[in-house]
Amino acid sequence: MEKFKLNLEYRIGENQYKTSSLKNKDFELTYKASKKRITIKLKTNKPLEIDNFEICLPYKFDRNDRVFVNGYQSWTDCREMFIDEIPQHTFGPTTLVLRNTLLGASGAYNFSENTKNRGEFVGFSYMYVRNGKLYDLFASLSERSGYTIFKTNCLNGWIHVVKDLEGVVYDGEYEILDLVNLNGESDEVFDEWFNLMGIKKPAAKVKNGYTTWYNYYSKINENIVTNDLNALSKIDADVDIFQVDDGYQSATGDWLAIDDEKFPNGMKFIADKIHEKNMQAGIWIAPFGASFNSRVLRDHPEWFIRYPNGRIVTCGPNWGGFCALDIEVPEAREYIKNFFDYILNDWGFDLVKLDFLYAAAQIPNHNKTRGQLMCEAMDFLRECVGDKEILACGVPLMPAFGKVDYCRIGADMGLSWRKVTFTHREFVSTVNTLGNTIFRRQLDKRAFLNDPDVFLLRDNNIFCNFEQKKIISTINKLFGSVLFTSDDVSTYNQTQLDQLIKVFRKDDVKILKAEFLENNRKVISIDYIINGEQQNFRFNLQKGIVV
């Protein structure tokens, strides 16, 4: 990486400048560059704002290369691509709609462009080019200065590395970029990356369990929870955790105001019931989120993230629309600490699933970039939760490295197999989440333990055939470390029960290879070893059939 081109656009007051120089009267950039690593530091001579910071690296792509660029957050679709492929995701008019409506609030549409050009792929924090067993990994060592965005141009032979530095007035000395380029086989390069970041392997263990969401969604109550808990406790399998998802609270954001019609005995009662079955008790929270009808927003609008013009920032259409608490506001910070203390210590829950976390860094704020805000938000959540466990979701992944025990690495699983198009890259999709599960596999047991989302084997309230249900459960088994269902297992026939027990069996699995076939680009072939026996599994990702 010794050779690179710089593109810098910056502003001082009303004046805008473009340059490719490392030094002028306004600033100086110093760098150290080798084949393996490049660091760039900025020293300003006067306050300035950076509109674009980009280094361009020449790269010779081979026709047999596969390219992976990591998606913005948990739900964003990402998989290995052939260098001549056209990205499947949103572009053009669709992107404009997402940028200007709540539909796109969960993505990066306001500060990163999607393309629809052959060989042009856009992602965050890390990417690799793979040729056979050899990986060429490009990865940020820190996102605290701002998100690192990778843009490939496979046909013209460039990798563009962009830093999201919007919203900060730079006045002094700063580290802007710390990037590594590591070569070798998969374990070699990913182990070295995490060693360079100083992130130790997580101590958390693989979990089997249940979540209420994918059968009842928010329509849960005490009877549903206790009935499904009792049914699950009777199966002859290793079940670790039972998680109550969205729907117990009176409004999103009012976490201690329980809907007493649904849960007349409260949530401590539920946690105690779960513990009686020798399972961990998990509960879902969106800790930064508050719906428009929440009491906390009505009573304390000054606690919420706002644009410079004072307008409150909206973070998505869920629950009729929601906004986010600003942890830079001391009172908001104390509010969050208080409900965590109550949930974990008074109610007695062991794990919190923390969702919609991207909302903490929806905009640059308080003279901090989105990346810095997200990293600090994850630090704060770990402080709040202490030694209890976190399952993160809806989060930009690198700020969660080493901060959470478990993390979702794909979109929400759909109740049907169909491919969803003409919507945002974070939308509910079985196809997309399976692709993410396979191609984000290197993060498992390095950054955290990967949660591939649920597998469902039931007959009712689902639109997949049983072969498709088995494919999903098999992929989760091979690549996931959080194996959750949402089924009332008392309704299972023997075939369904046998498959559940098979998935929940804690086997020794090692993935040898997982890739799309060159002669059939819809088919993924997986070579793996399970309990010492080598096997192969192939399926068509788009159609949901075993081949």
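**Notebook: sheets, helices and cores**

I began with helix 2 (residues 186–197), which lies across strand 4 (37–44), strand 9, strand 10 (134–140) and strand 14 (173–184), running at about 155° to strand 14. I note here that the model is a predicted one.

I then looked up the sheet that holds these strands, an open sheet of 7 strands with antiparallel pairing and the order 3-4-14-10-9-6-7. Strand 3 (27–33) and strand 7 (81–82) stand at its edges with a single partner strand each, so one side of each has no neighbour in the sheet. For the pairing of strand 6 (residues 66–69) with strand 9 (residues 126–131), I found 4 bridges between the two strands, which run antiparallel. Within strand 9, methionine 127 is the residue opposite valine 69.

My next entry concerns an open sheet of 8 strands, in which the pairing is parallel and the order is 24-23-22-21-17-16-15-25. Strand 24 (449–451) and strand 25 (482–485) are the edge strands, each of them pairing on one side only. On average, and with direction ignored, neighbouring strands of this sheet are turned by 25° against each other.

Helix 5 (residues 266–276) lies across strand 16 (241–244) and strand 17 (280–285) and runs at about 145° to strand 17, while helix 7 (residues 330–347) lies across strand 17 and strand 21 (351–354) at about 160° to strand 17.

**Helix 4 against helix 5**

How do helix 4 and helix 5 stand to each other? Helix 4 (residues 222–233) packs on helix 5 at an angle of about 10°, their axes being 10 Å apart; the two helices are therefore roughly parallel, the cut-off for that term being under 35 degrees. On the helix 4 side I listed Glu222, Val225 and Leu229, which meet Phe269, Ile270, Lys273 and Ile274 of helix 5. Sorted by class, this contact has 5 nonpolar and 2 charged residues, and no polar ones.

**Nonpolar cores**

The largest nonpolar core has 150 residues, and those with the most contacts inside it are Trp193, Phe340, Phe401, Ile526 and Phe539. Helix 8 (residues 370–385) gives the most to this core, with 8 residues. Another core, of 35 residues, lies apart from it and has Tyr10, Ile40, Leu42 and Leu165 among its members.

**Positive phi values**

Asparagine 367, which is not a glycine, has a positive phi of about 60°, and its place is in the loop between strand 21 and helix 8. Aspartate 453 also has a positive phi, near 75°, and its place is in the loop between strand 24 and helix 11 (466–479).

Which of the terms buried or partly exposed applies to aspartate 453? Aspartate 453 counts as buried because its relative accessibility is 3%, the limit being under 20%. Asparagine 367, at 43% relative accessibility, counts as partly exposed.

Notes. Residues numbered from 1 in each chain as written. Predicted model: local features only at pLDDT ≥ 70, side-chain atom pairs only at ≥ 80, totals over all residues. Heavy atoms only, no water. Pairing = 2+ DSSP bridges. Axes fitted to C-alpha atoms, helices over the stretch in contact; angles between N-to-C directions. Contact = heavy atoms within 4.5 Å. Core = buried A, V, L, I, M, F, W, Y, C linked by side-chain atoms within 4.5 Å. Buried < 20%, exposed > 50% of the residue type's maximum accessible area, 1.4 Å probe, protein only. Parallel < 35°, antiparallel > 145°, perpendicular 65-115°, else oblique. Nonpolar A, V, L, I, M, F, W, Y, C, P; charged D, E, K, R; others polar.
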